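Trainee: Please take me through one part of this model in detail, with the criteria behind each term.

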Amino acid sequence: MDQEHPNDKDIDAIESGMAVETLRGDLGEADVSKPQVVAVERDQAGHVEKVIVKKGKIFQKELDIPISRVQNVEAPSKQESDGRITLNISEQELEAMTSPGAVQVQKAINEDDFLDDIGESIPTAEALRDHEELSHLSKSHQVQVEERKEQPNALLRLLGPGFLGGMAGNDSSAVTAYSIDGAQNGFGHLWLMLLSTPMYYFVMTTCARIGRVTQQGLAEVLREHYGRWVALFAALVLVVANIAMITADLVAVGSGCELITGISWVWFVVPVAVLLWYITVFRNFESLKKIFLVMSLAFIVYFVTAIMAKPDWQSILVHTFVPHIDLNFASVSSAVALLGATISPYNIFWQVQGEKEEIRTGPLNKKLHESALDVIVGVFSGNLIAYAIIIATAATLFVHHRSIATAADAALALTTVLGPVAKYLFAIGFIGAGLVAIPVLLAGSSYAISGTIGWPAGLSKRPWQNEGFYLILTIAMLISLGLALLHLDPIQLMFWANILSGVLSPILIIYLIIISRNQKLMRGKQVGLGTTIALVFTFLVMAIAAVLLFYGLATGQQA
């Protein structure tokens with residue numbers, strides 16, 4: 001981008017307080033805090049040699065800019081009361097500024113070498129942070145990434161946000177909800193697990209279609225096409241549900257640590273919260289996410305337990321395909337928690353955002369087909385684990401009339417069959433699932449609020465670039481930590497967090513129906529009548545369950 005440099009008179013007019021923008025990079029000009037000149041260094045003749053730029057109030061960054069990088073100077077005017085300078089700094093240079101404190105920007109840059117470096121360091125599209133980085137690269141660079149994606153086998157190319165969302169949905173609190181359901185109701189809700197599978201699929205595939213076609217997150221779609229207040233209400237629904245889930249998962253991680261060490265879970269909550277906040281804000285969470293995911297795979301032992309417990313398979317088949325409706329409060333609350341753990345506000349926002357960022361090759365119809373297959377794999381994988389958890393706890397706890405009051409009680413479903421070592425496998429899975437879920441829930445909350453307000457959002461940016469996004473994330477963690485330290489009953493907290501999700505999700509499903517049927521917004525790719533009917537049915541099932549729950553609460557049935 002060739003532009004003439006400003007003349008000496010313009011350069012010497014630079015002063016503190018001027019706004020700052022860049023030609024190619026992102027200093028966070030659209031953020032809650034704006035970059036501005038805070039100091040000007042001059043030589044003995046009074047000519048400007050260096051400009052000091054600061055960005056951020058809490059997450060601060062100071063840049064020492066040589067005058068050769070100043071591309072344009074706008075004097076103060078009615079439109080720009082303090083004036084503005086434009087810098088020639090690339091996004092890749094800004095991303096490389098990882099050291100704390102002031103950073104000295106080089107005087108010149110070799111464009112050819114710079115482009116070569118980009119070609120060598122393009123990331124994969126395996127995770128949200130990487131997806132965001134790719135979305136800011138040029139079309140030619142995206143083509144290179146797409147060529148790389150053709151190398152793995154077809155299954156690995158297919159799996160994306162649908163699979164990740166389906167598996168990550170089985171976080172610690174969800175496992176608790178499924179365990180309580182099996183311990184309280186035996187096989188009685190297996191039919192609801194079966195019913196929720198196509199319901200979950202139609203919700204997630206609609207989310208994927210919205211993200212793929214509009215290339216916007218759900219909060220952005222609502223803000224731009226339905227108004228800020230509509231978007232704000234949806235964002236608040238998500239944030240309330242997410243904070244409850246983050247609180248529950250913090251307690252779950254602590255409870256897992258308690259199973260291993262014998263030390264009360266309360267002592268682990270603060271260190272875990274601080275560690276995860278630090279990793280999410282200042283480090284690459286993806287590097288540790290694989291470890292946490294492997295830890296959460298310990299829940300596969302539920303499949304082994306479900307088989308070795310020798311349950312009545314005929315009874316399982318009957319309860320799977322023949323509905324058994326029980327309207328007592330314990331059964332209704334378990335049903336709402338089961339539905340909330342399966343179809344959660346977090347999953348709805350995640351799937352829209354994730355499909356927006358996922359890079360797929362070919363025409364739009366092919367991308368939509370791939371996203372639908374991705375969702376199928378995620379939905380069936382996640383729900384199969386949930387199905388096994390209910391069978392395992394029903395076959396080991398329900399038959400012996402044992403309830404779940406602590407994490408140790410939940411682990412008992414495994415130790416009954418597999419012995420003492422199962423307790424540690426359960427604890428590892430509990431910890432890993434919580435550690436994976438918390439940063440994603442934090443980021444999801446921040447995406448929703450930032451998208452509603454119009455602030456830039458993304459984990460690919462440094463905290464000083466997207467200060468508003470990271471401040472929201474920090475506040476969400478502090479609120480969740482405060483709630484966790486109230487010493488609420490851990491198991492009941494995790495259980496009721498999923499009940500809250502089950503109550504709030506129908507609200508977001510209404511939004512999905514409206515958006516997905518909007519022909520103009522969906523560019524002729526709106527969902528069909530069959531999908532719409534399925535979404536309406538899902539809304540009715542979850543809404544009726546929520547109404548029955550509130551009726552039970554109002555009439556004192558929970559006592």
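Mentor: Phe-59 is buried, at a relative accessible area of 9%, where buried means under 20%, exposed over 50% and partly exposed in between, for a 1.4 Å probe and protein chains only. Phe-282, by contrast, is partly exposed, at 35%. The model is predicted, so local features need pLDDT of at least 70 and side-chain atom pairs count only at pLDDT 80 or more, whereas totals for chains, interfaces and linings use all residues. Residues are numbered from 1 along each chain as its sequence is written, and side-chain values use heavy atoms, with hydrogens and water left out.

The model has 10 aromatic pairs; rings of Phe, Tyr and Trp (its six-membered ring) pair if their centres lie within 6.5 Å, and planes under 30 degrees apart count as stacked, over 60 as edge-to-face and the rest as tilted. Phe-59 and Phe-282 form an edge-to-face pair, 6.1 Å centre to centre with 65° between the planes. Phe-59 sits in the loop between strand S3 (48-55) and strand S4 (61-66) and Phe-282 in helix H12 (residues 266-282), so their pair ties together parts that are 223 residues apart in sequence. Helices (H or I, at least four residues) and strands (E, at least two) are DSSP runs, numbered from the N terminus.

Both rings belong to one aromatic cluster, formed by Phe-59, Trp-277, Tyr-278, Phe-282, Tyr-447, Phe-469 and Tyr-470.
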